[in-house]
Amino acid sequence: MIEMTPALCNLQPSRARMRQCLEGYSLTVSGLDMGYGERCGRGSDPRLTPLQLKVVNRIMPDTTVRSQAWQHHGACSPLSASSYFRQITNYAGVLKLPSELNTGNSYTVSKSRFISQMTRLNSGMSSASVDLICQAGNRRQSVLTDIHVCYDGGQFGKCNEVINSCGSNFIISGGK
């Protein structure tokens with residue numbers, strides 16, 4: 001689950017104090033739902049070594065987001081916290097995203113073009129492997145807030161619970 005940080009920082013004022021908003025991240029990872037259920041952690045925080053925490057911080061800089069990902073998804077899986085976050089960093093390390101997501105500028109893009117870029121950049125990915133989530137922004141335009149990339153085993157798979165709320169065109173917010 002990938003979050004478009006500038007869009008969420010602008011659309012949800014409660015996020016303004018989060019590290020990724022303050023430090024100007026263009027996107028962050030919010031978790032990995034492995035299909036084992038939700039909310040198994042009962043308040044437990046993930047225990048990571050300082051080195052692993054440094055690696056995870058690059059894609060999940062906020063402590064609360066990491067704890068929620070672990071409590072909602074990771075703790076339900078058979079993986080240890082270390083293995084869960086290693087899986088997230090492995091997936092994030094090989095996923096290729098369209099360049100518009102990292103420019104710092106805002107763009108209006110067509111959904112079909114964006115999906116075709118994603119599938120062209122990532123061998124084995126189909127349009128069914130991606131679910132785009134948008135929220136209404138200023139002037140009621142759709143703003144991309146989340147990209148869910150679905151896996152089956154170690155390969156791209158078909159998304160089962162699709163939200164697909166972006167319509168045919170949407171804005172990628174660069175924060176400017």
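Visitor: What makes aspartate 62 a cap for the N-terminal end of H4?
Guide: This is a predicted model. In it, a side-chain oxygen of aspartate 62 lies 3.0 Å from the backbone nitrogen of threonine 64.

Visitor: Which residues of helix H4 are buried?
Guide: H4 covers residues 63-74, and its buried residues are Val65, Arg66, Ser67, Ala69, Trp70, Gln71, His73 and Gly74. They pack against helices H2, H3 and H5 and against strand E2.

Visitor: How do you know that cysteine 9 and cysteine 21 form a disulfide?
Guide: The cut-off for two cysteine sulfur atoms is 2.5 Å. Those of cysteine 9 and cysteine 21 are 1.8 Å apart, so they count as a disulfide. Cysteine 9 belongs to helix H1 and cysteine 21 to helix H2, so the pair ties together parts 12 residues apart in sequence. The link is left-handed, with -85° about the S-S bond.

Visitor: Why is the disulfide of cysteine 150 and cysteine 159 called right-handed?
Guide: The torsion about its S-S bond is about 105°, so the disulfide is right-handed. The sulfur atoms of cysteine 150 and cysteine 159 are 2.0 Å apart.

Visitor: Why is cysteine 150 called buried?
Guide: Buried means under 20% relative accessible area. Cysteine 150 has 18%, so the word applies.

Visitor: How do you know whether cysteine 134 and cysteine 166 are buried or exposed?
Guide: Cysteine 134 has a relative accessible area of 10%, so it is buried. Cysteine 166 has 1%, so it is buried as well. These two are joined by a disulfide, S to S 2.0 Å. The pair links distant parts of the chain, 32 residues apart: cysteine 134 is in strand E4, and cysteine 166 is in the loop between strands E7 and E8.

Visitor: How much space lies in the largest pocket?
Guide: About 1400 Å³. Of its 48 lining residues, Met1, Gly31, Leu32, Asp33 and His148 are the closest to its centre. H4 gives the largest share of that lining, five residues.

Visitor: By class, what makes up the lining of the second largest pocket?
Guide: Four residues are nonpolar, seven polar and two charged. That pocket holds about 250 Å³ of space. Of the 13 residues lining it, the closest to its centre are Asn10, Gly137, Asn138, Val143 and Ser173.

Note on methods:
Residues numbered from 1 in each chain as written. Predicted model: local features only at pLDDT ≥ 70, side-chain atom pairs only at ≥ 80, totals over all residues. Heavy atoms only, no water. Buried < 20%, exposed > 50% of the residue type's maximum accessible area, 1.4 Å probe, protein only. Helix = DSSP H or I, 4+ residues; strand = E, 2+ residues; numbered from the N terminus. Contact = heavy atoms within 4.5 Å. Polar contact = N/O pair within 3.5 Å; in protein donor to acceptor, adjacent residues only side chain to side chain. 1 Å grid on protein atoms, 1.4 Å probe; cavity = no way out; pocket = protein on both sides within 12 Å on 5 of 7 lines; lining within 4 Å. Points joined across faces, edges and corners; volume = space filled by probe spheres on them. Nonpolar A, V, L, I, M, F, W, Y, C, P; charged D, E, K, R; others polar.
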